[in-house]
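Subject: Structure handover, aromatic rings

Hello,

Here is the structure I said I would pass on. My notes on its aromatic rings follow below it.

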Amino acid sequence: MSLILSIESATKNCSVALSDESGLISLKEEHSQKYIHAERLHILIKEVIGDRSKDLSAIAISKGPGSYTGLRIGTAASKGLCFALDLPLIALSTLEHMAAQAREEHPGFDYYLPMIDARRMEVYTATFDATGNTLQEAQALEVLEESFNHLSGTVLTLGDGAGKCEGFLQHPSMKFNASFLPSAKGMSLLAHSVLAKKKTVDPAYFEPYYLKEFVAGKPKSLL
Amino acid sequence: MQPLILAIESSCDDTSAAVLRGNEVMSNVVANQEVHELYGGVVPELASREHQKHILPVVNAALIKAGVNKNKLDAIAYTRGPGLLGSLLVGASFAKSLALALDIPLLEVHHMHAHILAHFIDDGNAPLPELPMLCLTVSGGHTQLVVVRETTQMEVIGETIDDAAGEAFDKIAKIMGLPYPGGPLIDKHAKDGDPLRFKFSHPKTDGLNFSFSGLKTAVLYFLRDAVKEEPDFVNENIADICASVQYTIVSILLNRLKQAAEQQQISTLALAGGVSANSELRQRFQELGDENSWKTFIPDFSYCTDNAAMIGIAGLQLFLAEKYGELGNAPTARWAF
């Protein structure tokens with residue numbers, strides 16, 4: 001059996017899970033209006049691992065897209081655990097594991113649209129079908145009323161980005177679940193097959209998936 | 001057996017890790033970030049991302065260099081603040097994971113305490129300072145006069161009310177069009193210049209405090225006017241400008257240090273922080289000590305700029321006092337001395 005610790009910190013949900021192939025063993029998560037990861041993440045990790053750190057097979061991290069601060073804390077924390085315990089790292093797309101969890105908890109839709117709020121009318125989103133195939137890769141999208149009208153069938157839009165799209169997107173059969181949060185529970189659904197296929201990454205050189213290029217201003221002459 | 005401490009520093013733009021056995025440094029690895037040169041100053045988001053790339057290889061290198069197995073460590077020390085929050089978060093989150101997974105204490109170090117305590121690293125070839133000691137800490141973010149009564153009992157008796165001395169060096173260098181970080185370049189150009197050619201007035205501050213923003217503005221206006229008359233003024237006079245600016249900053253610093261030493265009647269003086277790598281400051285500090293028969297301590301170049309060895313020696317004091325940190329404590333960008 002392989003035991004995996006999953007860490008989800010890409011949004012305001014600070015979430016940690018322990019799982020094996022047969023499912024979730026333990027889940028601890030807390031969310032609030034502000035980021036609490038710097039205070040709470042390691043406490044949750046400690047509670048979830050208990051005395052089983054020596055039994056772990058891998059650490060899984062939700063790689064983004066998401067909040068830079070959230071990803072920063074989760075990534076450095078998972079690198080530290082991998083280094084201390086000599087474990088491989090599993091990097092999962094935040095949007096992909098959100099869709100995996102939604103398919104399990106809310107089956108029956110033709111399409112799943114996880115959405116993470118990226119301020120103003122922008123969201124980080126990707127499109128998945130009912131079997132988990134990726135139809136549209138992760139993108140930072142400026143949402144328009146007709147953005148998803150090409151999807152014919154039932155659509156579940158989920159995540160904090162769904163909240164601001166509800167009542168705005170003009171799709172005929174779209175449901176919204178704005179209270180859905182990315183969770184380490186969803187990661188547990190994908191992590192074990194990634195480990196079985198040995199598609200782990202090197203924790204030394206792993207970087208989060210920021211999605212957007214960071215642009216800083218160049219200096220101007222002062223004289 | 002002396003405790004074995006792994007220390008991590010990530011408060012600004014250098015990622016560093018060190019291993020100490022007691023107060024001896026077994027390794028001190030520093031990865032600098034060159035990405036900021038393009039932008040004329042440290043870009044916080046980019047600094048955080050660079051730390052994320054460097055943290056694991058740097059810690060690994062420090063352990064390998066020291067020949068220490070991570071399972072033998074007694075504690076993990078890290079910089080909790082002050083500094084850039086995003087940068088601090090990377091070191092803090094990594095350090096907490098190590099302490100948690102290795103099941104050893106976490107030590108939360110104050111970056112400015114650490115600069116001063118670097119003087120208590122035993123490198124085997126110089127006597128350690130006696131206490132009480134008066135320390136002038138000068139860096140890109142801080143300018144402080146600190147009385148050190150014990151290694152765990154320090155008091156700030158004077159500090160800058162605006163820019164730090166190192167910030168003044170870098171900002172003035174930027175005004176002159178020198179690449180970032182410009183402070184060391186001012187030192188380099190000043191070697192060939194006349195320090196008395198251009199006069200800049202000293203600030204009027206209360207007590208033992210400092211101020212450098214007025215000097216920066218004075219240099220800006222002075223150069224703007226000069227460039228209007230003579231477009232190539234900066235290039236043609238760079239050595240004299242640099243020498244005059246440096247002379248002014250060092251004079252402001254040492255006047256206050258002398259005043260503080262007399263007032264506190266302390267005869268052991270020390271420099272700390274990145275600007276203590278400045279050659280004129282080192283030389284005139286030494287001369288000030290010699291004139292007054294004060295004992296002076298100047299850190300080794302490798303302990304002037306940000307480094308994890310100093311975090312380790314500060315962590316050792318916490319470890320010996322059993323002042324352990326907590327997983328629930330977040331790093332803090334501003335942290336009272």
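Rings of Phe, Tyr and Trp (for Trp, the six-membered ring) count as a pair if their centres lie within 6.5 Å. By that rule, ring pairs join Phe198(B), Phe200(B), Phe222(B) and Phe233(B) into a cluster. Please keep in mind that this is a predicted model.

Over all chains, a search of the whole structure gives nine aromatic pairs. One of them is formed by Phe222(B) and Phe233(B), with 5.9 Å from centre to centre and 80° between the planes, which makes the pair edge-to-face. Phe222(B) belongs to helix H6 (residues 213–229) of chain B and Phe233(B) to helix H7 (residues 233–236) of chain B, so this pair ties together parts that are 11 residues apart in sequence. Phe222(B) has a relative accessibility of 26% and counts as partly exposed. Phe233(B), with a relative accessible area of 8%, is buried.

Phe319(B) and Tyr324(B) also form an aromatic pair; it is tilted, with 50° between the planes and 6.1 Å from centre to centre. Here Phe319(B) is buried, at a relative accessible area of 17%, while Tyr324(B) is partly exposed, at 41%.

Two contacts between a charged residue and a ring are also worth a look. In chain B, the charged end of Arg80(B) sits over the ring of Trp335(B), 5.3 Å from the ring's centre. The other involves both chains: Lys70(B) lies over the face of Phe83(A), 5.2 Å from the ring centre.

Regards

Notes:
Residues are numbered from 1 along each chain as its sequence is written. Chains are lettered from A and ligands numbered from 1 in the order in which they are written. This is a predicted model: local features need pLDDT of at least 70, side-chain atom pairs count only at pLDDT 80 or more; totals for chains, interfaces and linings use all residues. Side-chain values use heavy atoms; hydrogens and water are left out. Rings of Phe, Tyr and Trp (its six-membered ring) pair if their centres lie within 6.5 Å; planes under 30 degrees apart count as stacked, over 60 as edge-to-face and the rest as tilted. Helices (H or I, at least four residues) and strands (E, at least two) are DSSP runs, numbered from the N terminus. Buried means under 20% relative accessible area, exposed over 50%, partly exposed in between (1.4 Å probe, protein chains only). A charge sits over a ring if NZ of Lys or CZ of Arg is within 6 Å of the ring centre and within 35 degrees of the ring normal.
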